[in-house]
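Subject: Structure handover and findings

Hi,

Here is the structure for you to look at. My notes follow below it.

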Amino acid sequence: MSIASTNKLVTDQPAGAEPLFVGVDIGGTKVAAGLVDPKGQIRWQCSIPMISDRDGESGLAVVRSAIDAALTNAAEHLAGSSVMGIGICSPGPLDPKSGTIINPPNLPCWRNFQLVAEIARSYRVPVKLDNDGNAAALAEALWGAGRGYRNVFCTTIGTGIGTGIVFDGQVYHGRTGAAAEGGHMSIDRTGPRCGCGKPGCIEALASGPAIASRARAKLNQADGNSSALLKLCEGHRDRITSEMVGRAYEQGDSVVKQVLLETADALSLWLGNIIDLLEPDVIVIGGGVAAMLRPFLPEVKKRLSAYCVNSRCQEIPMLPAHYGADAGIVGGAALCFTSASVNR
């Protein structure tokens, strides 16, 4: 394997070469790339600051640099390996079928940008694109907490709430490629307005910023009787973050506990709807906020019975995700691995 000066990948695949996949995770502030093997293990990775506030070519150049770094490492340090594809995950909206980035709020450099075509023009390997929720779900279904289950529902709870649905090892995209926007399922039509424009989306109720906002409101109502959270924000209530909420809970803050119990209740109602609609074999929950909520997951599951028509909802496992911050890299690789397996 070699990398030509024109930035094109040339693959000479010797018999018995170890297949590797390049996974690329594009965010508003950075692009992470890595080499992933067929067991879902990252063999090498890097991170480069993203340029999202200029033109499309500037953002594309960053993605190419991250891919080049991964390919160079494979050529120099993983002798006998062969890169079989490049998988990219990005915030949506996007079209995985045409490989087009449509108009993600955090990536203003790209509007109706043909990312797959541009990358494929530079590297002579298959290139796949999907949103980060779908890619993370596929990684968990293939190699993570969802391995061994036929139908997997995966949610990542962080700054936003992303979801992905995997049926029989394949991402469910829907008719136009825009399915599985579970974070924008409304559970309260009189609830707070979500960034998507709808009222009462689960993202507006249980994401990190939503939890911080509710904690600020509760703290104001408690007349200052929440010393742990007040101390962490140094008295500046407008600076409260979900991370502070998590630390205050660990210190026994009663106001914060109430906020997190309300969050658990909202998640139970939401997941009850998911179960009644899909009845997946397993529910996988990941993301930074999910880690903070882990002590409350038994409570989330306990409350499902009150919110499900399905009387056997308690039989569905609810598992913490295997992949953490690296879910995007492994998810990107999973897109290529699945395609390579199907095409064998």
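Where is the place of Pro 93? Pro 93 sits in the loop between β6 (81-90) and β7 (94-95). The peptide bond that runs from Gly 92 to Pro 93 is cis, with omega near 5 degrees. Helices (H or I, at least four residues) and strands (E, at least two) are DSSP runs, numbered from the N terminus.

Before the rest, the ground rules. This is a predicted model, where local features need pLDDT of at least 70 and side-chain atom pairs count only at pLDDT 80 or more, while totals for chains, interfaces and linings use all residues. Residues are numbered from 1 along each chain as its sequence is written, and side-chain values use heavy atoms, with hydrogens and water left out.

Cores

The largest nonpolar core has 45 residues. A nonpolar core is a set of buried Ala, Val, Leu, Ile, Met, Phe, Trp, Tyr and Cys residues joined through side-chain atoms within 4.5 Å. Buried means under 20% relative accessible area, exposed over 50%, and partly exposed in between (1.4 Å probe, protein chains only). Trp 270 and Leu 271 touch the most other members of this core. Helix α8 (residues 254-278) supplies the largest share, 10 residues.

What does Trp 270 contact, leaving aside neighbours within four places in sequence? The partners are Phe 153, Thr 155, Ile 161, Thr 163, Gly 182, Gly 183, Met 185, Ile 187 and Ile 202. Contact means heavy atoms within 4.5 Å.

Helix packing

Two packed helices are described by the angle between their axes and the distance between the axes. Axes are lines fitted to C-alpha atoms, for helices over the stretch in contact, and angles run from 0 to 180 degrees between N-to-C directions. Angles under 35 degrees count as roughly parallel, over 145 as roughly antiparallel, 65 to 115 as roughly perpendicular and the rest as oblique. A crossing is left-handed if the near helix is turned anticlockwise from the far one by less than a right angle, and right-handed if clockwise. For the class counts, Ala, Val, Leu, Ile, Met, Phe, Trp, Tyr, Cys and Pro are nonpolar, Asp, Glu, Lys and Arg are charged, and the others, Gly among them, are polar.

α8 with α10. α8 and helix α10 (residues 297-307) pack at about 55 degrees, with axes 8 Å apart. They are therefore oblique to each other. The crossing of α8 past α10 is right-handed. On the α8 side, the contact residues include Leu 261, Ala 264, Leu 271 and Ile 275. α10 brings Glu 299, Val 300, Arg 303, Leu 304 and Tyr 307. The classes in this contact of α8 with α10 are nine nonpolar, two polar and four charged residues.

α5 with α8. Helix α5 (residues 208-221) packs on α8 at an angle of about 135 degrees, with the axes 10 Å apart. That makes α5 oblique to α8. α5 passes α8 in a right-handed crossing. Ile 211, Arg 214, Ala 215, Lys 218 and Leu 219 of α5 meet α8 residues including Val 255, Gln 258 and Glu 262. The contact of α5 with α8 has six nonpolar, two polar and three charged residues.

α1 with α2. Helix α1 (residues 56-77) and α2 pack at about 45 degrees, with axes 11 Å apart. α1 is therefore oblique to α2. Their crossing is right-handed. Leu 60, Val 63, Arg 64 and Ile 67 of α1 meet Leu 115, Glu 118, Ile 119 and Ser 122 of α2.

Single residues

Asn 112 is not a glycine, yet has a positive phi of about 50 degrees. It lies in the loop between β8 (100-101) and α2 (115-122). Asn 112 counts as exposed because its relative accessibility is 55%.

Glu 279 is not a glycine either, and has a positive phi of about 40 degrees. Its loop runs between α8 and β13 (282-286). At 47% relative accessibility, Glu 279 counts as partly exposed.

Is Tyr 323 buried or exposed? Tyr 323 is buried, because its relative accessibility is 13%. It lies in the loop between β14 (318-320) and α11 (327-342). Beyond residues up to four places away in sequence, Tyr 323 touches Gly 40, Ala 139, Glu 140, Trp 143, Gly 144 and Val 330.

Best wishes
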